[in-house]
Amino acid sequence: MTTLELPPFISAPSKFVSEHGSRQLSRRAASGELVRVRQGLYLPTEVWAALKPWEQHRVRVQAVQELAVNPPVFARESAAEVMGLPVFGVPLLVQTVIPPGTPGGQSRNGVRRIMAVQGDPEPWAMFGLRVTRPVETARDLAVHLPLERALPAMDKLLQGKILPGSPHGTNLTFGEEHMRESLARLGSMAKQNRVRRVLDVADAGAQSAGESRSRAIMILNGFPRPVLQKPFFDDWGLVGYPDFDWEEFKVIGEFDGFEKYSAQRYLKGKTPSQVVVEEKKREDRLRALGYTVVRWVWDDLRDPRLLVAKLHKAGLPSGSGSRKLV
(Lines give C-alpha, C1' and ligand atoms only; values in the text may rest on other atoms or scores of the structure.)
Protein backbone atom coordinates (compact mmCIF):
# COMPACT_ATOMS: atom_id res chain seq x y z
CA MET A 1 0.00 0.00 0.00
CA THR A 2 1.36 3.39 -0.94
CA THR A 3 0.60 6.88 0.22
CA LEU A 4 -2.02 8.57 -1.95
CA GLU A 5 -0.90 11.88 -3.41
CA LEU A 6 -4.04 13.89 -2.80
CA PRO A 7 -5.27 16.01 -5.71
CA PRO A 8 -5.87 19.68 -4.85
CA PHE A 9 -9.47 20.76 -4.41
CA ILE A 10 -11.07 23.39 -6.57
CA SER A 11 -12.90 25.94 -4.45
CA ALA A 12 -14.10 29.52 -4.60
CA PRO A 13 -11.17 31.98 -4.83
CA SER A 14 -11.74 33.50 -1.41
CA LYS A 15 -12.16 32.24 2.10
CA PHE A 16 -15.32 34.34 2.12
CA VAL A 17 -17.06 32.61 -0.75
CA SER A 18 -18.47 35.05 -3.26
CA GLU A 19 -21.95 34.32 -4.54
CA HIS A 20 -20.66 34.47 -8.10
CA GLY A 21 -17.81 32.00 -7.48
CA SER A 22 -20.06 29.57 -5.66
CA ARG A 23 -22.68 29.60 -8.40
CA GLN A 24 -20.04 29.15 -11.08
CA LEU A 25 -18.68 26.01 -9.38
CA SER A 26 -22.20 24.67 -8.94
CA ARG A 27 -22.89 25.16 -12.65
CA ARG A 28 -19.66 23.37 -13.59
CA ALA A 29 -20.65 20.47 -11.32
CA ALA A 30 -24.16 20.35 -12.82
CA SER A 31 -22.64 20.19 -16.30
CA GLY A 32 -20.48 17.21 -15.30
CA GLU A 33 -17.19 19.07 -15.50
CA LEU A 34 -16.63 18.91 -11.71
CA VAL A 35 -17.55 16.51 -8.91
CA ARG A 36 -18.64 18.02 -5.60
CA VAL A 37 -16.70 16.20 -2.89
CA ARG A 38 -18.06 18.32 -0.07
CA GLN A 39 -19.71 21.71 0.18
CA GLY A 40 -17.48 24.19 -1.61
CA LEU A 41 -14.81 21.59 -2.50
CA TYR A 42 -14.67 20.09 -6.00
CA LEU A 43 -12.44 17.95 -8.19
CA PRO A 44 -12.34 17.62 -11.98
CA THR A 45 -14.57 14.73 -12.97
CA GLU A 46 -11.77 12.88 -14.75
CA VAL A 47 -9.53 13.14 -11.67
CA TRP A 48 -12.29 11.80 -9.40
CA ALA A 49 -13.14 8.96 -11.79
CA ALA A 50 -9.50 7.85 -11.92
CA LEU A 51 -9.43 7.29 -8.16
CA LYS A 52 -10.17 3.86 -6.72
CA PRO A 53 -13.12 3.69 -4.29
CA TRP A 54 -10.89 3.68 -1.20
CA GLU A 55 -8.89 6.59 -2.61
CA GLN A 56 -12.13 8.52 -3.08
CA HIS A 57 -12.90 7.86 0.58
CA ARG A 58 -9.47 9.20 1.54
CA VAL A 59 -10.22 12.36 -0.42
CA ARG A 60 -13.55 12.69 1.43
CA VAL A 61 -11.64 12.41 4.70
CA GLN A 62 -9.40 15.27 3.60
CA ALA A 63 -12.42 17.36 2.62
CA VAL A 64 -13.96 16.87 6.08
CA GLN A 65 -10.65 17.94 7.61
CA GLU A 66 -10.36 21.09 5.51
CA LEU A 67 -13.85 22.33 6.32
CA ALA A 68 -13.85 21.44 10.03
CA VAL A 69 -13.86 24.27 12.57
CA ASN A 70 -12.28 21.92 15.14
CA PRO A 71 -10.00 19.19 13.73
CA PRO A 72 -11.86 15.87 14.00
CA VAL A 73 -10.38 12.54 15.09
CA PHE A 74 -10.84 10.00 12.30
CA ALA A 75 -11.58 6.40 13.22
CA ARG A 76 -12.25 2.88 11.91
CA GLU A 77 -11.94 2.55 8.11
CA SER A 78 -11.32 6.29 7.71
CA ALA A 79 -8.34 6.16 10.11
CA ALA A 80 -7.12 2.91 8.56
CA GLU A 81 -7.08 4.52 5.12
CA VAL A 82 -4.96 7.39 6.44
CA MET A 83 -2.37 5.23 8.20
CA GLY A 84 -2.10 2.40 5.68
CA LEU A 85 -3.94 -0.41 7.45
CA PRO A 86 -5.65 -2.42 4.68
CA VAL A 87 -9.44 -2.64 4.71
CA PHE A 88 -11.93 -4.12 2.26
CA GLY A 89 -15.01 -2.18 1.41
CA VAL A 90 -15.59 1.55 1.64
CA PRO A 91 -17.94 3.03 4.29
CA LEU A 92 -20.72 5.31 3.13
CA LEU A 93 -19.75 7.95 5.69
CA VAL A 94 -16.46 9.39 6.91
CA GLN A 95 -15.95 8.03 10.43
CA THR A 96 -14.86 10.13 13.41
CA VAL A 97 -14.88 9.73 17.18
CA ILE A 98 -16.02 12.18 19.83
CA PRO A 99 -15.16 12.09 23.55
CA PRO A 100 -17.35 9.87 25.77
CA GLY A 101 -20.43 11.73 26.98
CA THR A 102 -20.19 14.41 24.30
CA PRO A 103 -23.58 15.38 22.87
CA GLY A 104 -24.11 15.22 19.12
CA GLY A 105 -22.94 11.66 18.41
CA GLN A 106 -25.33 11.25 15.49
CA SER A 107 -24.40 11.08 11.81
CA ARG A 108 -24.98 14.02 9.48
CA ASN A 109 -23.56 15.72 6.42
CA GLY A 110 -21.66 12.63 5.34
CA VAL A 111 -19.89 12.17 8.68
CA ARG A 112 -20.54 9.47 11.25
CA ARG A 113 -19.69 10.54 14.79
CA ILE A 114 -18.90 7.60 17.08
CA MET A 115 -18.51 7.72 20.84
CA ALA A 116 -14.90 7.04 21.83
CA VAL A 117 -13.98 4.23 24.19
CA GLN A 118 -13.40 5.41 27.73
CA GLY A 119 -9.69 5.37 28.59
CA ASP A 120 -8.35 5.19 25.03
CA PRO A 121 -5.04 7.04 24.52
CA GLU A 122 -4.76 10.39 22.79
CA PRO A 123 -4.95 10.26 18.97
CA TRP A 124 -1.97 10.42 16.67
CA ALA A 125 -1.24 13.15 14.13
CA MET A 126 -0.50 11.65 10.71
CA PHE A 127 -0.29 13.59 7.42
CA GLY A 128 -1.77 16.59 9.22
CA LEU A 129 -4.81 14.61 10.41
CA ARG A 130 -5.77 13.33 13.86
CA VAL A 131 -6.50 9.59 13.89
CA THR A 132 -7.14 6.91 16.46
CA ARG A 133 -3.90 5.06 17.12
CA PRO A 134 -3.10 1.94 15.07
CA VAL A 135 -3.91 -0.52 17.88
CA GLU A 136 -7.28 1.09 18.59
CA THR A 137 -8.04 1.37 14.86
CA ALA A 138 -7.41 -2.34 14.24
CA ARG A 139 -9.34 -3.17 17.41
CA ASP A 140 -12.37 -1.19 16.29
CA LEU A 141 -12.29 -2.80 12.85
CA ALA A 142 -12.26 -6.22 14.52
CA VAL A 143 -15.32 -5.25 16.58
CA HIS A 144 -17.40 -3.92 13.72
CA LEU A 145 -16.30 -5.81 10.59
CA PRO A 146 -16.47 -9.49 9.63
CA LEU A 147 -13.29 -11.54 9.79
CA GLU A 148 -12.51 -11.35 6.07
CA ARG A 149 -12.48 -7.55 6.28
CA ALA A 150 -10.84 -7.15 9.70
CA LEU A 151 -8.03 -9.72 9.50
CA PRO A 152 -5.85 -7.86 6.94
CA ALA A 153 -5.57 -4.84 9.26
CA MET A 154 -4.74 -7.01 12.27
CA ASP A 155 -2.05 -8.89 10.32
CA LYS A 156 -0.51 -5.61 9.15
CA LEU A 157 -0.61 -4.15 12.65
CA LEU A 158 1.38 -7.07 14.06
CA GLN A 159 4.04 -6.48 11.39
CA GLY A 160 4.67 -3.01 12.82
CA LYS A 161 4.90 -1.41 9.38
CA ILE A 162 2.94 1.84 9.34
CA LEU A 163 3.30 4.28 6.47
CA PRO A 164 5.48 7.41 6.64
CA GLY A 165 3.64 10.17 8.40
CA SER A 166 3.53 8.37 11.72
CA PRO A 167 4.90 10.49 14.57
CA HIS A 168 7.01 7.49 15.56
CA GLY A 169 8.55 6.59 12.20
CA THR A 170 7.75 3.85 9.73
CA ASN A 171 8.58 0.72 11.74
CA LEU A 172 6.76 0.08 14.98
CA THR A 173 6.46 -3.02 17.11
CA PHE A 174 2.96 -3.99 18.15
CA GLY A 175 2.49 -7.28 19.94
CA GLU A 176 -0.54 -9.19 21.10
CA GLU A 177 -0.12 -7.66 24.54
CA HIS A 178 -0.83 -4.18 23.15
CA MET A 179 -4.03 -5.36 21.51
CA ARG A 180 -5.15 -7.24 24.63
CA GLU A 181 -4.60 -4.11 26.73
CA SER A 182 -6.67 -2.13 24.24
CA LEU A 183 -9.55 -4.59 23.97
CA ALA A 184 -9.80 -4.76 27.77
CA ARG A 185 -11.10 -1.18 27.66
CA LEU A 186 -14.16 -2.27 25.69
CA GLY A 187 -17.13 -2.33 28.02
CA SER A 188 -18.87 -5.21 26.26
CA MET A 189 -17.63 -8.78 26.66
CA ALA A 190 -19.15 -9.59 23.26
CA LYS A 191 -16.98 -6.89 21.67
CA GLN A 192 -13.91 -8.16 23.49
CA ASN A 193 -14.56 -11.66 22.20
CA ARG A 194 -14.91 -10.41 18.63
CA VAL A 195 -11.48 -8.81 18.85
CA ARG A 196 -9.96 -11.93 20.43
CA ARG A 197 -11.29 -14.11 17.61
CA VAL A 198 -9.50 -11.95 15.05
CA LEU A 199 -6.33 -11.61 17.13
CA ASP A 200 -6.11 -15.37 17.75
CA VAL A 201 -5.83 -16.09 14.02
CA ALA A 202 -3.77 -13.02 13.04
CA ASP A 203 -0.30 -13.69 11.64
CA ALA A 204 2.43 -11.15 10.97
CA GLY A 205 3.80 -13.51 8.31
CA ALA A 206 1.12 -12.43 5.84
CA GLN A 207 2.82 -10.42 3.12
CA SER A 208 -0.23 -8.76 1.59
CA ALA A 209 -3.86 -7.92 2.20
CA GLY A 210 -4.79 -10.53 -0.40
CA GLU A 211 -2.99 -13.23 1.56
CA SER A 212 -4.82 -12.15 4.73
CA ARG A 213 -8.20 -12.22 3.04
CA SER A 214 -7.35 -15.63 1.57
CA ARG A 215 -6.61 -16.95 5.04
CA ALA A 216 -9.87 -15.54 6.40
CA ILE A 217 -11.79 -17.43 3.70
CA MET A 218 -9.87 -20.59 4.64
CA ILE A 219 -10.67 -20.13 8.32
CA LEU A 220 -14.37 -19.47 7.76
CA ASN A 221 -14.63 -22.52 5.55
CA GLY A 222 -12.83 -24.83 7.96
CA PHE A 223 -9.59 -25.50 6.07
CA PRO A 224 -6.45 -26.56 7.98
CA ARG A 225 -4.32 -23.64 9.13
CA PRO A 226 -1.31 -23.14 6.82
CA VAL A 227 2.26 -22.16 7.65
CA LEU A 228 3.16 -18.85 6.04
CA GLN A 229 6.33 -17.99 4.11
CA LYS A 230 8.19 -21.21 4.97
CA PRO A 231 11.56 -21.56 3.17
CA PHE A 232 11.89 -24.48 0.74
CA PHE A 233 15.16 -25.97 -0.50
CA ASP A 234 16.17 -28.53 -3.10
CA ASP A 235 19.52 -29.83 -4.37
CA TRP A 236 20.19 -26.46 -6.05
CA GLY A 237 19.54 -24.41 -2.92
CA LEU A 238 16.72 -22.11 -1.87
CA VAL A 239 13.57 -22.49 -3.95
CA GLY A 240 11.64 -19.68 -2.27
CA TYR A 241 9.11 -18.76 0.37
CA PRO A 242 5.63 -19.87 -0.74
CA ASP A 243 2.70 -17.94 0.70
CA PHE A 244 0.97 -20.99 2.24
CA ASP A 245 2.19 -24.47 3.15
CA TRP A 246 0.06 -27.42 4.28
CA GLU A 247 2.85 -29.89 4.97
CA GLU A 248 0.55 -32.72 6.07
CA PHE A 249 -1.21 -32.67 2.71
CA LYS A 250 1.84 -31.76 0.59
CA VAL A 251 0.02 -28.72 -0.76
CA ILE A 252 1.48 -25.26 -1.38
CA GLY A 253 -0.70 -22.22 -2.04
CA GLU A 254 0.29 -19.02 -3.85
CA PHE A 255 -1.74 -15.81 -4.09
CA ASP A 256 -0.97 -13.77 -7.21
CA GLY A 257 -1.83 -10.13 -6.64
CA PHE A 258 -0.20 -9.12 -9.97
CA GLU A 259 1.90 -6.44 -8.22
CA LYS A 260 4.99 -8.58 -8.58
CA TYR A 261 4.46 -8.55 -12.34
CA SER A 262 4.18 -4.76 -12.55
CA ALA A 263 5.49 -2.87 -9.49
CA GLN A 264 9.16 -1.92 -9.72
CA ARG A 265 9.85 -2.84 -6.10
CA TYR A 266 8.98 -6.44 -7.01
CA LEU A 267 10.47 -6.53 -10.50
CA LYS A 268 13.90 -5.42 -9.23
CA GLY A 269 15.10 -4.49 -12.69
CA LYS A 270 13.55 -7.51 -14.44
CA THR A 271 10.87 -7.45 -17.08
CA PRO A 272 7.40 -8.85 -16.24
CA SER A 273 8.00 -11.74 -18.66
CA GLN A 274 11.24 -12.65 -16.87
CA VAL A 275 9.39 -12.71 -13.54
CA VAL A 276 6.71 -14.98 -15.03
CA VAL A 277 9.38 -17.41 -16.28
CA GLU A 278 11.11 -17.42 -12.89
CA GLU A 279 7.80 -18.11 -11.14
CA LYS A 280 7.17 -21.06 -13.48
CA LYS A 281 10.63 -22.50 -12.77
CA ARG A 282 10.12 -22.09 -9.02
CA GLU A 283 6.76 -23.84 -9.25
CA ASP A 284 8.33 -26.72 -11.21
CA ARG A 285 10.98 -27.13 -8.50
CA LEU A 286 8.31 -27.27 -5.79
CA ARG A 287 6.36 -29.90 -7.74
CA ALA A 288 9.57 -31.90 -8.15
CA LEU A 289 9.76 -32.01 -4.34
CA GLY A 290 6.40 -33.77 -4.31
CA TYR A 291 4.04 -30.83 -3.66
CA THR A 292 0.80 -29.86 -5.34
CA VAL A 293 0.89 -26.14 -6.10
CA VAL A 294 -2.38 -24.21 -6.26
CA ARG A 295 -2.56 -20.56 -7.32
CA TRP A 296 -5.33 -17.99 -7.14
CA VAL A 297 -5.96 -14.34 -7.92
CA TRP A 298 -8.15 -11.45 -6.73
CA ASP A 299 -11.22 -12.70 -8.60
CA ASP A 300 -11.07 -15.90 -6.54
CA LEU A 301 -11.32 -13.79 -3.38
CA ARG A 302 -14.21 -11.67 -4.60
CA ASP A 303 -16.19 -14.90 -5.01
CA PRO A 304 -14.89 -17.16 -2.21
CA ARG A 305 -16.52 -20.21 -3.80
CA LEU A 306 -13.79 -20.12 -6.43
CA LEU A 307 -10.98 -20.29 -3.87
CA VAL A 308 -12.76 -23.00 -1.90
CA ALA A 309 -13.15 -25.10 -5.04
CA LYS A 310 -9.47 -24.68 -5.93
CA LEU A 311 -8.32 -25.73 -2.45
CA HIS A 312 -10.60 -28.78 -2.52
CA LYS A 313 -9.31 -29.75 -5.96
CA ALA A 314 -5.73 -29.52 -4.63
CA GLY A 315 -6.63 -32.06 -1.94
CA LEU A 316 -7.31 -29.93 1.14
CA PRO A 317 -10.24 -30.96 3.37
CA SER A 318 -12.56 -28.45 4.99
CA GLY A 319 -14.59 -28.78 8.20
CA SER A 320 -18.35 -29.21 8.18
CA GLY A 321 -18.91 -26.99 11.22
CA SER A 322 -17.32 -23.87 9.77
CA ARG A 323 -19.00 -20.49 9.21
CA LYS A 324 -18.89 -20.72 5.44
CA LEU A 325 -18.73 -17.77 3.11
CA VAL A 326 -19.95 -19.85 0.16
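## Starting at a loop

Phe-127 sits in the loop between β6 (124-126) and β7 (129-131); strands here are DSSP runs of E with at least two residues, helices are runs of H or I with at least four, and both are numbered from the N terminus. This is a predicted model, in which local features need pLDDT of at least 70 and side-chain atom pairs count only at pLDDT 80 or more, while totals for chains, interfaces and linings use all residues. Residues are numbered from 1 along each chain as its sequence is written, and side-chain values use heavy atoms, with hydrogens and water left out.

(Buried means under 20% relative accessible area, exposed means over 50%, and partly exposed is in between, using a 1.4 Å probe and protein chains only.) Gln-229 is another residue other than glycine with a positive phi, near 55°. Gln-229 lies in the loop between β8 (227-228) and β9 (232-234), and at a relative accessible area of 18% Gln-229 is buried.

## The overall picture

Let's step back for a moment. The protein has 13 helices and 13 strands. Of its 326 residues, 45% count as buried. Take the contacts between residues at least 6 apart in sequence: 57% of them join residues at least 24 apart. Contact here means heavy atoms within 4.5 Å.

## A helix tucked inside

Helix α5 (residues 134-144) has ten of its eleven residues buried, so it is largely enclosed by the rest of the structure. Among the buried ones are Pro-134, Glu-136, Thr-137 and Leu-141. What do the buried residues of α5 pack against? Their partners are α4 (76-83), β6, α6, α7 and α8.

Arg-139 makes a salt bridge with Asp-140, with the closest N and O atoms 2.9 Å apart; a salt bridge is a side-chain nitrogen of Lys or Arg within 4 Å of a carboxyl oxygen of Asp or Glu. Arg-139 is buried, at a relative accessible area of 0%, and Asp-140 is buried too, at 10%.

## Two nonpolar cores

The largest nonpolar core has 39 residues, and those with the most contacts inside it are Val-131, Met-154, Leu-157, Met-179 and Val-195. (Such a core is a set of buried Ala, Val, Leu, Ile, Met, Phe, Trp, Tyr and Cys residues joined through side-chain atoms within 4.5 Å.) Which helix gives the most to this core? That's α6 (residues 147-159), with seven residues.

Leaving out residues up to four places away in sequence, Val-195 touches Arg-139, Ala-142, Val-143, Met-154, Met-179, Leu-183 and Leu-186.

## Salt bridges elsewhere

How many salt bridges does the structure hold? There are 23. One of them joins the side chains of Arg-180 and Asp-200 (3.1 Å, N to O). This pair links distant parts of the chain, with Arg-180 in helix α7 (residues 176-183) and Asp-200 in helix α8 (residues 189-201), 20 residues apart. Arg-180 is partly exposed at 32% relative accessibility, and Asp-200 is partly exposed at 46%.

The side chains of Asp-303 and Arg-305 meet in a salt bridge as well (3.0 Å, N to O). Asp-303 counts as partly exposed, at 24% relative accessibility, whereas Arg-305 is exposed, at 53%. There's also a network: salt bridges that share partners join Glu-254, Asp-256, Glu-279, Arg-282, Glu-283, Arg-287 and Arg-295.

## Where α9 crosses α13

Two packed helices are described by the angle between their axes and the distance between the axes. For helix α9 (residues 209-220) and helix α13 (residues 304-313), the angle is about 75° and the axes are 10 Å apart. The axes are lines fitted to C-alpha atoms over the stretch in contact, with angles from 0 to 180 degrees between N-to-C directions. The two helices are therefore roughly perpendicular to each other, a label for angles of 65 to 115 degrees (under 35 is roughly parallel, over 145 roughly antiparallel, and the rest oblique).

Which residues meet there? Ser-214, Ile-217 and Met-218 in α9 meet Pro-304, Leu-307, Val-308 and Leu-311 in α13. By class, the contact has six nonpolar residues, one polar and no charged ones. Ala, Val, Leu, Ile, Met, Phe, Trp, Tyr, Cys and Pro count as nonpolar, Asp, Glu, Lys and Arg as charged, and the others, Gly among them, as polar.
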